[in-house]
Amino acid sequence: MCGIVGITAEKPFSVKGELILALKKLEYRGYDSAGFATTEGVYDKEVGSIDVLESRINPKLKTTTGIAHTRWATHGGVTRVNAHPHFDSEKGLFIVHNGIIENYAQLKAQLEERGYKFITKTDTEVIVNYLHEKMKTMSPRQAILSFFKDAKGTYAVVFFRKGEKTLYAFKKDSPLCLGICDGEMILASDIYAFSHKTTRTVFFEDYELAEVTPNNYQFYNRSGKLDKKPVEIEWEREPVMKRRFKHFMLKEIYEQPVAAQRLIRSLRTTQSHRVKQISKMIKGAKRILFLACGTSYHASLIGAYLLSRLGYEAHAVIASEFENFSVIDNKTLVFAVSQSGETMDVISVLKDIKHYKPKIVAIVNYPYSTVHRMADNYIEIMAGQEICVAATKTFTNTLIAMYELARVLGNHISLDRIPAKIKEVISKNDLRVRKLAKKLSNNKDIFVLGHRISYPIAREVALKLKEISYIHAEGMMAGELKHGTIALVEPGVPVIGLIHETNRERMESALQEVEAHGADVYTIGNSSKQFELPKRLNEEEYSIAATIIGHLLSYYIARNNNLPIDKPRNLAKSVTVK
Ligand code: AGP
(Lines give C-alpha, C1' and ligand atoms only; values in the text may rest on other atoms or scores of the structure.)
Protein backbone atom coordinates (compact mmCIF):
# COMPACT_ATOMS: atom_id res chain seq x y z
CA MET A 1 0.00 0.00 0.00
CA CYS A 2 1.96 2.89 -1.36
CA GLY A 3 1.65 5.94 -3.57
CA ILE A 4 3.32 6.07 -6.98
CA VAL A 5 3.86 8.92 -9.44
CA GLY A 6 5.50 9.22 -12.85
CA ILE A 7 5.83 12.41 -14.88
CA THR A 8 7.10 12.88 -18.40
CA ALA A 9 7.17 16.34 -19.97
CA GLU A 10 8.41 18.14 -23.07
CA LYS A 11 10.25 20.74 -21.05
CA PRO A 12 12.40 20.10 -17.97
CA PHE A 13 10.52 20.48 -14.68
CA SER A 14 11.69 20.85 -11.10
CA VAL A 15 11.96 17.53 -9.26
CA LYS A 16 11.03 19.23 -5.99
CA GLY A 17 8.35 21.52 -7.41
CA GLU A 18 6.57 18.94 -9.59
CA LEU A 19 7.46 15.34 -8.86
CA ILE A 20 7.70 15.63 -5.09
CA LEU A 21 4.69 17.96 -4.94
CA ALA A 22 2.56 15.34 -6.68
CA LEU A 23 3.99 12.62 -4.43
CA LYS A 24 3.11 14.60 -1.30
CA LYS A 25 -0.54 14.50 -2.31
CA LEU A 26 -0.34 10.72 -2.05
CA GLU A 27 1.41 10.62 1.30
CA TYR A 28 -1.80 9.45 2.99
CA ARG A 29 -1.23 6.12 1.20
CA GLY A 30 1.93 5.38 3.16
CA TYR A 31 4.66 7.33 4.84
CA ASP A 32 7.43 5.12 6.14
CA SER A 33 9.93 5.90 3.36
CA ALA A 34 10.10 7.72 0.04
CA GLY A 35 12.24 8.02 -3.08
CA PHE A 36 12.52 9.30 -6.65
CA ALA A 37 14.52 8.69 -9.82
CA THR A 38 15.01 10.71 -13.01
CA THR A 39 15.74 9.57 -16.54
CA GLU A 40 19.31 10.90 -16.15
CA GLY A 41 19.82 8.15 -13.55
CA VAL A 42 19.75 10.55 -10.61
CA TYR A 43 17.93 8.96 -7.65
CA ASP A 44 17.58 9.20 -3.90
CA LYS A 45 15.52 7.42 -1.27
CA GLU A 46 15.21 7.69 2.48
CA VAL A 47 13.39 6.30 5.48
CA GLY A 48 10.80 8.65 6.99
CA SER A 49 8.23 11.02 5.58
CA ILE A 50 8.52 12.71 2.18
CA ASP A 51 9.76 15.86 3.98
CA VAL A 52 12.95 14.04 4.94
CA LEU A 53 13.65 13.14 1.31
CA GLU A 54 12.59 16.55 0.06
CA SER A 55 14.97 18.39 2.37
CA ARG A 56 17.87 16.64 0.62
CA ILE A 57 16.87 17.43 -2.96
CA ASN A 58 18.69 20.27 -4.69
CA PRO A 59 16.02 22.86 -5.59
CA LYS A 60 17.76 23.31 -8.96
CA LEU A 61 17.43 19.63 -9.89
CA LYS A 62 15.37 19.32 -13.09
CA THR A 63 14.37 16.52 -15.40
CA THR A 64 11.92 15.75 -18.19
CA THR A 65 11.01 12.27 -16.92
CA GLY A 66 10.89 10.91 -13.40
CA ILE A 67 9.14 8.56 -11.00
CA ALA A 68 8.57 8.77 -7.25
CA HIS A 69 7.19 6.60 -4.47
CA THR A 70 5.91 6.88 -0.91
CA ARG A 71 5.97 3.55 0.91
CA TRP A 72 3.96 1.58 3.43
CA ALA A 73 6.09 -1.50 3.92
CA THR A 74 4.65 -4.95 3.24
CA HIS A 75 7.61 -7.07 2.04
CA GLY A 76 10.96 -6.09 3.52
CA GLY A 77 11.52 -3.85 6.54
CA VAL A 78 11.51 -0.07 6.55
CA THR A 79 15.07 0.57 5.35
CA ARG A 80 16.70 2.85 2.82
CA VAL A 81 17.62 -0.04 0.54
CA ASN A 82 14.06 -1.40 0.57
CA ALA A 83 12.59 2.00 -0.32
CA HIS A 84 11.58 2.59 -3.97
CA PRO A 85 12.52 3.21 -6.76
CA HIS A 86 14.20 -0.13 -7.41
CA PHE A 87 16.56 -0.83 -10.29
CA ASP A 88 18.45 -3.60 -12.04
CA SER A 89 22.14 -4.14 -11.25
CA GLU A 90 23.24 -1.87 -14.14
CA LYS A 91 20.81 0.89 -13.09
CA GLY A 92 19.28 1.03 -16.52
CA LEU A 93 15.69 0.34 -15.49
CA PHE A 94 13.97 2.26 -12.66
CA ILE A 95 10.65 1.15 -11.21
CA VAL A 96 8.03 2.07 -8.60
CA HIS A 97 5.33 -0.36 -7.47
CA ASN A 98 2.23 -0.43 -5.30
CA GLY A 99 0.88 -3.84 -4.32
CA ILE A 100 2.14 -7.29 -3.42
CA ILE A 101 3.62 -9.96 -5.70
CA GLU A 102 2.40 -13.15 -4.04
CA ASN A 103 4.64 -15.56 -5.97
CA TYR A 104 7.70 -13.34 -5.68
CA ALA A 105 9.75 -16.06 -3.93
CA GLN A 106 9.24 -18.44 -6.86
CA LEU A 107 10.03 -15.75 -9.48
CA LYS A 108 13.06 -14.67 -7.46
CA ALA A 109 14.42 -18.22 -7.29
CA GLN A 110 14.08 -18.56 -11.08
CA LEU A 111 15.88 -15.26 -11.65
CA GLU A 112 18.62 -16.19 -9.18
CA GLU A 113 19.19 -19.43 -11.07
CA ARG A 114 19.80 -17.32 -14.15
CA GLY A 115 22.38 -15.17 -12.34
CA TYR A 116 20.35 -12.26 -10.97
CA LYS A 117 21.52 -10.89 -7.62
CA PHE A 118 19.08 -9.26 -5.20
CA ILE A 119 20.06 -6.48 -2.83
CA THR A 120 16.70 -5.83 -1.17
CA LYS A 121 14.09 -7.84 0.71
CA THR A 122 11.25 -6.51 -1.43
CA ASP A 123 8.94 -8.21 -3.90
CA THR A 124 9.36 -5.18 -6.19
CA GLU A 125 12.98 -6.01 -6.99
CA VAL A 126 11.64 -9.20 -8.56
CA ILE A 127 9.54 -7.12 -10.98
CA VAL A 128 12.46 -4.97 -12.09
CA ASN A 129 14.74 -7.95 -12.64
CA TYR A 130 11.98 -9.90 -14.36
CA LEU A 131 11.36 -7.03 -16.81
CA HIS A 132 15.10 -6.52 -17.25
CA GLU A 133 15.60 -10.12 -18.25
CA LYS A 134 12.61 -10.21 -20.60
CA MET A 135 13.61 -6.92 -22.23
CA LYS A 136 16.89 -8.46 -23.37
CA THR A 137 14.86 -10.15 -26.10
CA MET A 138 11.48 -8.42 -26.06
CA SER A 139 9.94 -4.95 -26.25
CA PRO A 140 8.81 -3.41 -22.92
CA ARG A 141 5.21 -4.10 -23.96
CA GLN A 142 5.87 -7.79 -24.57
CA ALA A 143 7.77 -8.01 -21.27
CA ILE A 144 4.76 -6.57 -19.43
CA LEU A 145 2.36 -8.97 -21.19
CA SER A 146 4.60 -11.82 -20.12
CA PHE A 147 4.59 -10.46 -16.53
CA PHE A 148 0.76 -10.49 -16.59
CA LYS A 149 1.00 -14.24 -17.30
CA ASP A 150 3.68 -15.14 -14.77
CA ALA A 151 2.96 -12.90 -11.77
CA LYS A 152 0.36 -13.53 -9.07
CA GLY A 153 -0.74 -10.73 -6.80
CA THR A 154 -1.64 -7.06 -7.02
CA TYR A 155 0.33 -4.34 -8.69
CA ALA A 156 0.40 -0.88 -10.17
CA VAL A 157 3.81 -0.25 -11.71
CA VAL A 158 5.50 2.66 -13.49
CA PHE A 159 8.98 2.34 -14.96
CA PHE A 160 11.38 3.92 -17.44
CA ARG A 161 14.63 3.08 -19.17
CA LYS A 162 17.51 5.42 -18.36
CA GLY A 163 17.90 8.16 -20.95
CA GLU A 164 14.39 7.78 -22.38
CA LYS A 165 11.28 9.94 -22.08
CA THR A 166 8.77 7.08 -22.31
CA LEU A 167 7.06 5.90 -19.13
CA TYR A 168 5.60 2.39 -19.08
CA ALA A 169 2.73 1.70 -16.72
CA PHE A 170 0.55 -1.33 -15.99
CA LYS A 171 -1.73 -2.63 -13.31
CA LYS A 172 -3.78 -5.40 -11.77
CA ASP A 173 -6.00 -4.67 -8.74
CA SER A 174 -4.00 -1.70 -7.41
CA PRO A 175 -5.25 1.67 -8.69
CA LEU A 176 -3.54 3.65 -11.45
CA CYS A 177 -4.58 6.62 -13.57
CA LEU A 178 -3.14 9.01 -16.12
CA GLY A 179 -3.56 12.80 -15.99
CA ILE A 180 -3.23 14.58 -19.33
CA CYS A 181 -1.76 18.10 -19.39
CA ASP A 182 -0.34 20.22 -22.23
CA GLY A 183 3.04 18.75 -23.10
CA GLU A 184 3.09 16.69 -19.92
CA MET A 185 1.61 13.41 -18.67
CA ILE A 186 1.29 12.32 -15.04
CA LEU A 187 0.77 8.73 -13.93
CA ALA A 188 -0.38 8.28 -10.35
CA SER A 189 -2.10 6.02 -7.82
CA ASP A 190 -4.97 8.46 -7.62
CA ILE A 191 -6.34 11.58 -9.23
CA TYR A 192 -5.41 13.87 -6.32
CA ALA A 193 -1.74 13.69 -7.35
CA PHE A 194 -2.51 15.85 -10.39
CA SER A 195 -5.66 17.68 -9.31
CA HIS A 196 -3.73 20.99 -9.35
CA LYS A 197 -2.79 20.52 -13.02
CA THR A 198 -5.51 18.85 -15.04
CA THR A 199 -9.08 17.60 -15.12
CA ARG A 200 -8.47 15.13 -17.98
CA THR A 201 -7.97 11.57 -16.73
CA VAL A 202 -7.75 8.05 -18.11
CA PHE A 203 -8.21 5.17 -15.66
CA PHE A 204 -6.38 1.87 -16.05
CA GLU A 205 -8.39 -1.34 -15.81
CA ASP A 206 -6.82 -4.64 -14.74
CA TYR A 207 -4.30 -6.13 -17.16
CA GLU A 208 -3.95 -2.90 -19.09
CA LEU A 209 -0.66 -1.24 -19.88
CA ALA A 210 0.23 2.12 -21.36
CA GLU A 211 3.20 3.64 -23.14
CA VAL A 212 3.28 7.30 -22.20
CA THR A 213 5.32 10.10 -23.78
CA PRO A 214 5.00 13.86 -23.06
CA ASN A 215 2.41 14.41 -25.82
CA ASN A 216 0.90 11.00 -26.33
CA TYR A 217 -0.29 7.81 -24.74
CA GLN A 218 -1.28 4.42 -26.04
CA PHE A 219 -3.10 1.78 -24.00
CA TYR A 220 -3.03 -1.98 -24.65
CA ASN A 221 -4.56 -5.02 -23.04
CA ARG A 222 -3.77 -8.67 -23.60
CA SER A 223 -5.70 -8.62 -26.91
CA GLY A 224 -4.06 -5.56 -28.45
CA LYS A 225 -4.41 -1.79 -28.82
CA LEU A 226 -7.13 0.09 -26.93
CA ASP A 227 -8.71 3.39 -27.78
CA LYS A 228 -9.18 5.00 -24.37
CA LYS A 229 -10.58 8.52 -24.16
CA PRO A 230 -10.03 10.75 -21.13
CA VAL A 231 -12.89 11.63 -18.78
CA GLU A 232 -13.27 15.12 -17.29
CA ILE A 233 -13.07 15.13 -13.51
CA GLU A 234 -14.83 17.76 -11.42
CA TRP A 235 -12.45 18.85 -8.69
CA GLU A 236 -13.08 20.32 -5.35
CA ARG A 237 -11.02 23.46 -5.93
CA GLU A 238 -10.37 24.33 -2.32
CA PRO A 239 -6.68 23.88 -1.46
CA VAL A 240 -6.01 21.33 1.26
CA MET A 241 -4.31 23.18 4.12
CA LYS A 242 -4.32 22.95 7.89
CA ARG A 243 -5.02 26.69 8.22
CA ARG A 244 -5.27 27.67 11.91
CA PHE A 245 -5.43 24.08 13.10
CA LYS A 246 -2.53 22.21 14.59
CA HIS A 247 -3.51 18.98 12.86
CA PHE A 248 -5.62 17.89 9.93
CA MET A 249 -7.67 15.72 12.29
CA LEU A 250 -8.88 18.75 14.25
CA LYS A 251 -9.49 20.73 11.07
CA GLU A 252 -11.49 17.85 9.63
CA ILE A 253 -13.63 17.60 12.77
CA TYR A 254 -14.22 21.36 12.79
CA GLU A 255 -15.22 21.54 9.13
CA GLN A 256 -18.03 19.03 9.58
CA PRO A 257 -20.90 21.55 9.68
CA VAL A 258 -19.87 22.74 6.20
CA ALA A 259 -19.19 19.23 4.88
CA ALA A 260 -22.53 18.00 6.23
CA GLN A 261 -24.40 20.95 4.70
CA ARG A 262 -22.73 20.36 1.33
CA LEU A 263 -23.84 16.71 1.32
CA ILE A 264 -27.38 17.42 2.51
CA ARG A 265 -27.82 20.00 -0.25
CA SER A 266 -26.54 17.61 -2.90
CA LEU A 267 -28.71 14.73 -1.67
CA ARG A 268 -31.69 16.98 -2.35
CA THR A 269 -30.52 18.27 -5.71
CA THR A 270 -27.81 16.70 -7.84
CA GLN A 271 -27.89 13.32 -6.08
CA SER A 272 -31.62 13.09 -5.34
CA HIS A 273 -32.38 10.95 -8.42
CA ARG A 274 -29.75 8.44 -7.34
CA VAL A 275 -31.14 8.34 -3.79
CA LYS A 276 -34.56 7.52 -5.25
CA GLN A 277 -33.12 4.83 -7.56
CA ILE A 278 -31.20 3.28 -4.67
CA SER A 279 -34.22 3.25 -2.40
CA LYS A 280 -36.09 1.38 -5.16
CA MET A 281 -33.19 -1.09 -5.32
CA ILE A 282 -33.53 -1.60 -1.56
CA LYS A 283 -37.27 -2.21 -1.84
CA GLY A 284 -36.71 -4.77 -4.60
CA ALA A 285 -33.93 -6.70 -2.86
CA LYS A 286 -34.31 -9.97 -0.97
CA ARG A 287 -31.52 -9.00 1.43
CA ILE A 288 -29.16 -6.08 1.86
CA LEU A 289 -25.54 -6.57 2.80
CA PHE A 290 -23.18 -3.79 3.79
CA LEU A 291 -19.56 -4.55 2.93
CA ALA A 292 -16.84 -2.43 4.56
CA CYS A 293 -13.81 -2.20 6.86
CA GLY A 294 -12.85 -0.16 9.92
CA THR A 295 -14.74 3.08 10.35
CA SER A 296 -16.80 2.44 7.22
CA TYR A 297 -17.91 -0.84 8.82
CA HIS A 298 -19.16 1.10 11.85
CA ALA A 299 -21.17 3.36 9.52
CA SER A 300 -22.44 0.17 7.83
CA LEU A 301 -23.68 -1.18 11.16
CA ILE A 302 -25.81 1.94 11.40
CA GLY A 303 -27.04 1.36 7.83
CA ALA A 304 -28.04 -2.20 8.77
CA TYR A 305 -29.68 -0.93 11.97
CA LEU A 306 -31.79 1.64 10.07
CA LEU A 307 -32.90 -0.78 7.37
CA SER A 308 -33.64 -3.59 9.85
CA ARG A 309 -35.87 -1.23 11.79
CA LEU A 310 -37.71 -0.46 8.57
CA GLY A 311 -38.34 -4.19 8.08
CA TYR A 312 -35.64 -5.08 5.54
CA GLU A 313 -33.27 -7.99 5.99
CA ALA A 314 -29.99 -6.10 6.35
CA HIS A 315 -26.58 -7.05 7.70
CA ALA A 316 -23.18 -5.39 7.91
CA VAL A 317 -20.22 -7.69 7.25
CA ILE A 318 -16.52 -6.89 7.53
CA ALA A 319 -14.97 -7.28 4.08
CA SER A 320 -12.14 -9.64 5.01
CA GLU A 321 -14.69 -12.20 6.34
CA PHE A 322 -17.51 -11.38 3.95
CA GLU A 323 -17.66 -14.69 2.14
CA ASN A 324 -17.54 -16.70 5.36
CA PHE A 325 -20.41 -14.87 7.00
CA SER A 326 -22.95 -14.05 4.32
CA VAL A 327 -25.31 -15.59 1.81
CA ILE A 328 -25.40 -13.92 -1.56
CA ASP A 329 -27.38 -14.33 -4.78
CA ASN A 330 -28.71 -12.20 -7.63
CA LYS A 331 -31.48 -10.79 -5.41
CA THR A 332 -28.95 -9.44 -2.94
CA LEU A 333 -28.14 -5.75 -2.84
CA VAL A 334 -24.59 -5.03 -1.68
CA PHE A 335 -23.63 -1.63 -0.32
CA ALA A 336 -19.87 -1.25 -0.72
CA VAL A 337 -19.02 1.45 1.82
CA SER A 338 -15.52 2.87 1.48
CA GLN A 339 -14.55 6.51 1.80
CA SER A 340 -11.40 6.00 -0.30
CA GLY A 341 -13.07 3.59 -2.69
CA GLU A 342 -9.71 1.82 -2.90
CA THR A 343 -9.74 -0.58 0.07
CA MET A 344 -8.48 -3.87 -1.32
CA ASP A 345 -10.51 -6.07 1.05
CA VAL A 346 -13.67 -4.46 -0.32
CA ILE A 347 -12.56 -4.53 -3.96
CA SER A 348 -11.57 -8.17 -3.83
CA VAL A 349 -14.99 -9.18 -2.43
CA LEU A 350 -16.69 -7.20 -5.22
CA LYS A 351 -14.64 -9.17 -7.74
CA ASP A 352 -15.28 -12.51 -6.06
CA ILE A 353 -19.06 -12.08 -5.82
CA LYS A 354 -19.50 -10.86 -9.39
CA HIS A 355 -20.64 -14.25 -10.65
CA TYR A 356 -23.64 -14.20 -8.27
CA LYS A 357 -24.73 -11.03 -10.11
CA PRO A 358 -25.82 -9.02 -7.06
CA LYS A 359 -26.65 -5.34 -7.48
CA ILE A 360 -23.94 -3.09 -6.05
CA VAL A 361 -24.25 0.40 -4.61
CA ALA A 362 -21.10 2.29 -3.66
CA ILE A 363 -20.97 4.86 -0.89
CA VAL A 364 -17.68 6.68 -1.45
CA ASN A 365 -15.97 9.97 -0.85
CA TYR A 366 -13.68 9.60 -3.87
CA PRO A 367 -15.63 9.68 -7.11
CA TYR A 368 -14.03 7.64 -9.92
CA SER A 369 -12.40 5.37 -7.34
CA THR A 370 -12.28 1.64 -8.06
CA VAL A 371 -15.25 0.83 -5.79
CA HIS A 372 -17.31 3.56 -7.45
CA ARG A 373 -16.45 2.27 -10.90
CA MET A 374 -17.39 -1.31 -9.96
CA ALA A 375 -20.87 -0.34 -8.74
CA ASP A 376 -24.27 -0.14 -10.46
CA ASN A 377 -25.16 3.03 -8.58
CA TYR A 378 -23.51 5.24 -5.98
CA ILE A 379 -23.73 8.06 -3.49
CA GLU A 380 -20.84 10.47 -3.19
CA ILE A 381 -20.52 11.64 0.41
CA MET A 382 -18.85 14.94 -0.55
CA ALA A 383 -16.82 15.33 2.64
CA GLY A 384 -13.90 16.90 0.76
CA GLN A 385 -10.43 15.43 0.87
CA GLU A 386 -9.64 13.90 4.24
CA ILE A 387 -5.91 13.97 4.98
CA CYS A 388 -5.70 12.59 8.53
CA VAL A 389 -5.45 8.80 8.49
CA ALA A 390 -8.29 8.65 11.01
CA ALA A 391 -11.66 9.04 9.34
CA THR A 392 -13.81 11.72 10.99
CA LYS A 393 -15.79 13.91 8.60
CA THR A 394 -16.16 11.03 6.15
CA PHE A 395 -17.77 8.93 8.89
CA THR A 396 -20.29 11.68 9.69
CA ASN A 397 -21.14 12.18 6.03
CA THR A 398 -21.54 8.45 5.45
CA LEU A 399 -24.05 8.43 8.30
CA ILE A 400 -25.89 11.38 6.75
CA ALA A 401 -26.13 9.50 3.43
CA MET A 402 -27.58 6.49 5.28
CA TYR A 403 -30.06 8.72 7.13
CA GLU A 404 -31.25 10.23 3.86
CA LEU A 405 -31.82 6.76 2.38
CA ALA A 406 -33.75 5.75 5.49
CA ARG A 407 -35.77 8.97 5.28
CA VAL A 408 -36.77 8.29 1.68
CA LEU A 409 -37.76 4.76 2.72
CA GLY A 410 -40.10 6.06 5.40
CA ASN A 411 -38.07 6.79 8.52
CA HIS A 412 -39.08 10.07 10.18
CA ILE A 413 -35.64 11.64 10.11
CA SER A 414 -34.94 15.27 9.37
CA LEU A 415 -31.46 16.16 8.21
CA ASP A 416 -32.05 19.90 8.41
CA ARG A 417 -30.78 20.51 11.92
CA ILE A 418 -27.63 18.37 11.64
CA PRO A 419 -25.07 21.02 10.53
CA ALA A 420 -26.15 23.48 13.26
CA LYS A 421 -26.17 20.75 15.91
CA ILE A 422 -22.65 19.67 14.94
CA LYS A 423 -21.49 23.27 15.34
CA GLU A 424 -23.11 23.51 18.74
CA VAL A 425 -21.64 20.21 19.92
CA ILE A 426 -18.13 21.29 18.96
CA SER A 427 -18.33 24.79 20.43
CA LYS A 428 -19.90 23.66 23.71
CA ASN A 429 -17.62 20.69 24.24
CA ASP A 430 -14.13 21.38 22.93
CA LEU A 431 -12.90 22.65 26.31
CA ARG A 432 -14.79 20.00 28.22
CA VAL A 433 -13.20 17.29 26.08
CA ARG A 434 -9.72 18.72 26.68
CA LYS A 435 -10.37 18.52 30.42
CA LEU A 436 -11.39 14.86 30.31
CA ALA A 437 -8.54 14.06 27.90
CA LYS A 438 -6.05 15.31 30.50
CA LYS A 439 -7.54 12.96 33.03
CA LEU A 440 -7.51 9.94 30.70
CA SER A 441 -4.19 10.49 28.93
CA ASN A 442 -2.25 7.96 30.99
CA ASN A 443 -4.80 5.19 30.99
CA LYS A 444 -3.94 1.86 29.43
CA ASP A 445 -7.50 0.66 28.83
CA ILE A 446 -10.78 2.40 28.12
CA PHE A 447 -14.18 0.76 27.63
CA VAL A 448 -16.90 2.40 25.56
CA LEU A 449 -20.44 1.05 25.84
CA GLY A 450 -23.43 1.57 23.58
CA HIS A 451 -26.84 0.15 22.82
CA ARG A 452 -29.04 0.47 19.71
CA ILE A 453 -27.64 3.27 17.55
CA SER A 454 -24.86 4.02 20.01
CA TYR A 455 -23.39 0.50 19.77
CA PRO A 456 -21.66 1.19 16.42
CA ILE A 457 -20.62 4.58 17.77
CA ALA A 458 -19.04 2.90 20.81
CA ARG A 459 -16.97 0.77 18.42
CA GLU A 460 -16.04 3.79 16.35
CA VAL A 461 -14.90 5.80 19.38
CA ALA A 462 -12.85 2.83 20.61
CA LEU A 463 -11.20 2.45 17.20
CA LYS A 464 -10.11 6.09 17.28
CA LEU A 465 -8.75 5.72 20.81
CA LYS A 466 -6.64 2.83 19.53
CA GLU A 467 -5.39 4.26 16.26
CA ILE A 468 -4.76 7.87 17.34
CA SER A 469 -4.20 7.73 21.11
CA TYR A 470 -2.60 4.26 21.23
CA ILE A 471 -4.86 3.30 24.14
CA HIS A 472 -6.31 -0.15 24.21
CA ALA A 473 -10.03 0.46 23.93
CA GLU A 474 -13.04 -1.80 23.59
CA GLY A 475 -16.25 -0.52 22.09
CA MET A 476 -19.09 -2.89 22.75
CA MET A 477 -22.74 -3.58 23.29
CA ALA A 478 -23.68 -2.65 26.84
CA GLY A 479 -25.70 -5.85 27.16
CA GLU A 480 -22.76 -8.08 26.18
CA LEU A 481 -20.44 -6.78 28.89
CA LYS A 482 -21.72 -9.15 31.57
CA HIS A 483 -20.94 -12.14 29.35
CA GLY A 484 -17.21 -11.88 29.91
CA THR A 485 -15.58 -8.50 29.41
CA ILE A 486 -16.72 -7.25 32.80
CA ALA A 487 -13.96 -9.44 34.27
CA LEU A 488 -11.51 -6.78 33.06
CA VAL A 489 -13.26 -3.97 34.89
CA GLU A 490 -11.26 -3.09 37.98
CA PRO A 491 -11.19 -0.01 40.21
CA GLY A 492 -10.26 3.13 38.30
CA VAL A 493 -10.84 1.74 34.78
CA PRO A 494 -12.60 4.41 32.67
CA VAL A 495 -15.90 3.35 31.10
CA ILE A 496 -17.67 5.73 28.74
CA GLY A 497 -21.40 5.17 28.28
CA LEU A 498 -23.22 6.54 25.23
CA ILE A 499 -26.71 7.38 26.48
CA HIS A 500 -29.68 8.57 24.47
CA GLU A 501 -33.34 8.60 25.53
CA THR A 502 -33.92 5.52 23.36
CA ASN A 503 -31.37 3.38 25.20
CA ARG A 504 -31.26 4.96 28.66
CA GLU A 505 -32.57 2.03 30.69
CA ARG A 506 -30.21 -0.59 29.26
CA MET A 507 -27.25 1.78 29.37
CA GLU A 508 -27.83 2.86 32.96
CA SER A 509 -28.10 -0.68 34.17
CA ALA A 510 -24.79 -1.65 32.47
CA LEU A 511 -23.07 1.43 33.88
CA GLN A 512 -24.32 0.63 37.38
CA GLU A 513 -22.78 -2.82 37.07
CA VAL A 514 -19.34 -1.47 36.14
CA GLU A 515 -19.57 1.23 38.80
CA ALA A 516 -20.20 -1.48 41.35
CA HIS A 517 -16.84 -2.96 40.34
CA GLY A 518 -15.07 0.37 40.88
CA ALA A 519 -14.98 1.71 37.27
CA ASP A 520 -14.80 5.45 36.68
CA VAL A 521 -17.93 6.10 34.67
CA TYR A 522 -18.26 8.95 32.15
CA THR A 523 -21.24 9.51 29.92
CA ILE A 524 -22.04 11.23 26.65
CA GLY A 525 -25.72 12.10 26.89
CA ASN A 526 -28.18 14.64 28.16
CA SER A 527 -27.53 14.07 31.85
CA SER A 528 -23.75 13.84 31.37
CA LYS A 529 -21.58 15.53 34.01
CA GLN A 530 -18.72 15.89 31.53
CA PHE A 531 -20.37 17.12 28.34
CA GLU A 532 -23.18 19.38 27.25
CA LEU A 533 -25.33 18.11 24.40
CA PRO A 534 -27.92 20.18 22.53
CA LYS A 535 -31.41 19.56 23.92
CA ARG A 536 -33.80 17.07 22.34
CA LEU A 537 -31.45 15.39 19.89
CA ASN A 538 -33.13 12.61 17.99
CA GLU A 539 -31.36 9.25 17.79
CA GLU A 540 -29.63 10.06 14.50
CA GLU A 541 -28.44 13.51 15.60
CA TYR A 542 -27.24 11.98 18.85
CA SER A 543 -25.14 9.40 16.97
CA ILE A 544 -23.25 12.20 15.24
CA ALA A 545 -22.90 14.30 18.40
CA ALA A 546 -21.51 11.37 20.41
CA THR A 547 -19.09 10.49 17.63
CA ILE A 548 -17.73 14.02 17.47
CA ILE A 549 -17.11 14.09 21.22
CA GLY A 550 -15.44 10.66 21.02
CA HIS A 551 -13.26 11.71 18.08
CA LEU A 552 -12.24 14.91 19.87
CA LEU A 553 -11.40 12.91 22.97
CA SER A 554 -9.03 10.61 21.11
CA TYR A 555 -7.53 13.66 19.40
CA TYR A 556 -6.80 15.55 22.62
CA ILE A 557 -5.45 12.46 24.42
CA ALA A 558 -3.05 11.92 21.51
CA ARG A 559 -2.09 15.59 21.55
CA ASN A 560 -1.37 15.47 25.29
CA ASN A 561 0.90 12.50 24.64
CA ASN A 562 2.68 14.13 21.68
CA LEU A 563 1.66 11.43 19.24
CA PRO A 564 1.85 11.75 15.44
CA ILE A 565 -1.88 12.36 15.11
CA ASP A 566 -2.32 12.73 11.35
CA LYS A 567 -0.01 9.84 10.53
CA PRO A 568 -0.22 7.24 13.30
CA ARG A 569 2.34 4.45 13.35
CA ASN A 570 1.90 1.38 11.13
CA LEU A 571 -1.18 2.78 9.40
CA ALA A 572 -2.09 4.27 6.04
CA LYS A 573 -5.20 6.09 4.95
CA SER A 574 -6.09 3.72 2.20
CA VAL A 575 -5.37 0.02 2.71
CA THR A 576 -4.79 -1.13 -0.85
CA VAL A 577 -3.45 -4.59 0.01
CA LYS A 578 -5.27 -7.66 1.38
C1 AGP B 1 -10.41 4.92 10.10
O2 AGP B 1 -10.10 5.83 11.09
C3 AGP B 1 -9.37 3.97 9.77
N4 AGP B 1 -8.17 4.60 9.39
C5 AGP B 1 -9.73 2.75 8.93
O6 AGP B 1 -10.40 1.87 9.78
C7 AGP B 1 -10.61 2.93 7.67
O8 AGP B 1 -11.89 3.34 8.02
C9 AGP B 1 -10.66 1.62 6.89
O10 AGP B 1 -9.38 1.28 6.46
C11 AGP B 1 -11.61 1.67 5.71
O12 AGP B 1 -11.25 2.66 4.80
P13 AGP B 1 -12.20 3.05 3.58
O14 AGP B 1 -13.40 3.71 4.15
O15 AGP B 1 -11.38 3.99 2.76
O16 AGP B 1 -12.55 1.80 2.86
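Start with the shell around the ligand: domain 2 (240–416) and domain 3 (429–566) each give at least three residues to this shell. The domain bounds come from an automatic or database domain assignment. This is a predicted model, in which local features need pLDDT of at least 70 and side-chain atom pairs count only at pLDDT 80 or more, while totals for chains, interfaces and linings use all residues. Residues are numbered from 1 along each chain as its sequence is written, and side-chain values use heavy atoms, with hydrogens and water left out.

**Stop 1: the ligand**

Select the 14 residues around the ligand. A residue counts as near if one of its heavy atoms lies within 4 Å of the molecule. Ser296, Ser338, Ser340, Thr343 and Glu467 come nearest. The shell holds five nonpolar, seven polar and two charged residues. In this scheme Ala, Val, Leu, Ile, Met, Phe, Trp, Tyr, Cys and Pro are nonpolar, Asp, Glu, Lys and Arg are charged, and the others, Gly among them, are polar.

Now show the polar contacts, which are pairs of N or O atoms within 3.5 Å; within protein, one atom must be able to donate a hydrogen and the other to accept it, and residues adjacent in sequence count only if both atoms are side-chain atoms. Pick Gln339: one of its backbone N or O atoms lies 2.8 Å from a ligand oxygen. Move to Thr343, where a side-chain N or O atom is 2.5 Å from an oxygen of the ligand. Then take Glu467: here the distance from a side-chain N or O atom to a ligand oxygen is 2.3 Å.

How much of the ligand's accessible area does the protein cover? On its own the ligand has 410 Å², and the protein covers 91% of that. The areas come from the Shrake-Rupley method with a 1.4 Å probe; for residues, only the protein chains shown count as cover.

Colour helix 9 (294–309) and helix 14 (454–467), the elements that give two or more residues to the shell. Helices (H or I, at least four residues) and strands (E, at least two) are DSSP runs, numbered from the N terminus.

**Stop 2**

Select the open sheet with the order 17-16-18-19-20 and parallel pairing. Two strands pair if DSSP finds at least two bridges between them. Strand 17 (314–318) and strand 20 (377–380) are the edges, each pairing on one side only. Inspect strand 18 (332–338) beside strand 19 (359–364): six bridges link them in the parallel sense. Val334 stands opposite Ile360 in strand 19.

**Stop 3: a sheet of four strands**

Go on to the open sheet ordered 22-21-23-24, also paired in parallel. Its edge strands are strand 22 (472–477) and strand 24 (520–524). Strand 21 (445–450) runs parallel to strand 22, joined by six bridges. Look for Ile446, which faces Ala473 in strand 22.

**Stop 4: two loops**

Find Pro85 in the loop between strand 4 (62–71) and strand 5 (86–87). A cis peptide bond joins His84 to Pro85, with omega about 0°.

Finish at Asp173, in the loop between strand 8 (167–172) and strand 9 (177–181). Asp173 is not a glycine, yet its phi is positive, at about 70°.
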